Amino acid sequence: MEIYLDLVSPPCRAVYLFAEALKIPYAFKLVELSAGQQYSEEFGKLSVVRKVPVLKDGSFVLTESIAILQYLVQKCSVADHWFPAELQQRARVNEYLSWQHLNLRSHCSKVFLLRTLYPFVMGSEAPKDKMDAALEDMKQSLDLLDEKFLQDKPFIVGNKISVADVAAMVEIMQPLGVGVDGLQGRPKLAAWRERVKKEVGVKLFDQAHEALLNASGLQQKMQNNTELQKLKPMFLKYFR
């Protein structure tokens, strides 16, 4: 089994952390997004979606991180708490995973992209009003994560970690790559972050986020990549 990843990407880190923490055997295949490798002819033959992560198991190819996580859960017979069999607990996991795409994931990523991709595409720093709006959206998503999903529980589903916690945590870490800590002044969520780190392994967690936290060179990498330069018009749509 092969998994195509770039650990600067939150969904890739979710799959990576899960596979590594549970010692699932697979081959790590790096697809460097900042170098435009997802747009190569070779990668296009693997996935027309041209995004990572991608899982290849024999002739079976699967995209989308949540689908990959659920595939690994079922293929590898992991402990029940990761994706509980009990109806209502599983529904809680699925509730979070369904909510996060257009909320926590979208909002945390936008803060990161405004600080990294925006200058590359637009040739200037993101306007203050755009950044302020992105930070406010992130704040609202973090409020909901705290008040609706985590509440006073150790983890999103209860007393044990699940794939929902891993999927949430990698998104919260993303703004740290540009020096923004969304959990500052949020002791309950900060304590939850420490519990998640401990459950997956502190050394593994830190190693998984090493590329993100050293992301200062991403803009230069993108500027130096002629293939990526050709794709600027496509990126423009995201920031308009």
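**Notes on the pocket, cavity and cores**

1. Start with Gln100, which sits in helix α4; helices here are DSSP runs of H or I with at least four residues, strands are E runs of at least two, and both are numbered from the N terminus. Gln100 counts as buried because its relative accessibility is 3%, where buried means under 20% relative accessible area, exposed over 50% and partly exposed in between, with a 1.4 Å probe and protein chains only. Setting aside residues up to four places away in sequence, Gln100 touches Ile66, Arg105, Ser106 and Glu171, a contact being heavy atoms within 4.5 Å.

2. Before going on, a word on what you're looking at. This is a predicted model, with local features needing pLDDT of at least 70 and side-chain atom pairs counting only at pLDDT 80 or more, while totals for chains, interfaces and linings use all residues. Residues are numbered from 1 along each chain as its sequence is written, and side-chain values use heavy atoms, with hydrogens and water left out.

3. A cavity is a set of points, on a 1 Å grid over the protein atoms alone, where a 1.4 Å probe fits but cannot get out; a pocket is an open set with protein on both sides within 12 Å along at least five of seven lines; lining residues have an atom within 4 Å of a point. The elements giving two or more residues to this cavity's lining are α1, α3 (65-76), α4 and α6, and α6 gives the most, with three.

4. The volume of that cavity is about 50 Å³, and the structure holds one cavity of 30 Å³ or more. Volume here is the space filled by probe spheres set on the grid points, which are joined across faces, edges and corners. Its lining splits into five nonpolar, two polar and two charged residues. Ala, Val, Leu, Ile, Met, Phe, Trp, Tyr, Cys and Pro count as nonpolar, Asp, Glu, Lys and Arg as charged, and the others, Gly among them, as polar.

5. Now the largest pocket, with about 1400 Å³ of space. It has 42 lining residues, and the closest to its centre are Ser9, Leu33, Lys51, Arg105 and Leu113. Helix α4 gives the most to this lining, with ten residues; α1 (10-21), α10 (218-223) and α12 (232-239) are among the elements that each supply at least two. By type, the lining has 22 nonpolar, 13 polar and seven charged residues.

6. On packing, the largest nonpolar core has 73 residues, and Phe18, Tyr96, Leu104, Leu145, Ile156 and Trp192 have the most contacts inside it. A nonpolar core is a set of buried Ala, Val, Leu, Ile, Met, Phe, Trp, Tyr and Cys residues joined through side-chain atoms within 4.5 Å. Again α4 gives the most, with ten residues. A second, separate core of five residues includes Leu117, Val121, Met222 and Phe235.

7. Ile24 is worth a click: it lies in the loop between α1 and β2 (27-30) and, at 7% relative accessibility, counts as buried. Beyond its neighbours within four places in sequence, Ile24 is in contact with Met1, Phe18, Ala19, Leu72 and Cys76.

8. Lastly, helix α5 (residues 128-150) has 23 residues and should span 33 Å at 1.5 Å a residue; its end C-alpha atoms are 31 Å apart, which agrees. The expected span is 1.5 Å times one less than the number of residues. Its buried residues include Met131, Leu145 and Phe149, and what covers the buried ones includes α4 (87-122), α6 (163-173) and α7 (187-200).
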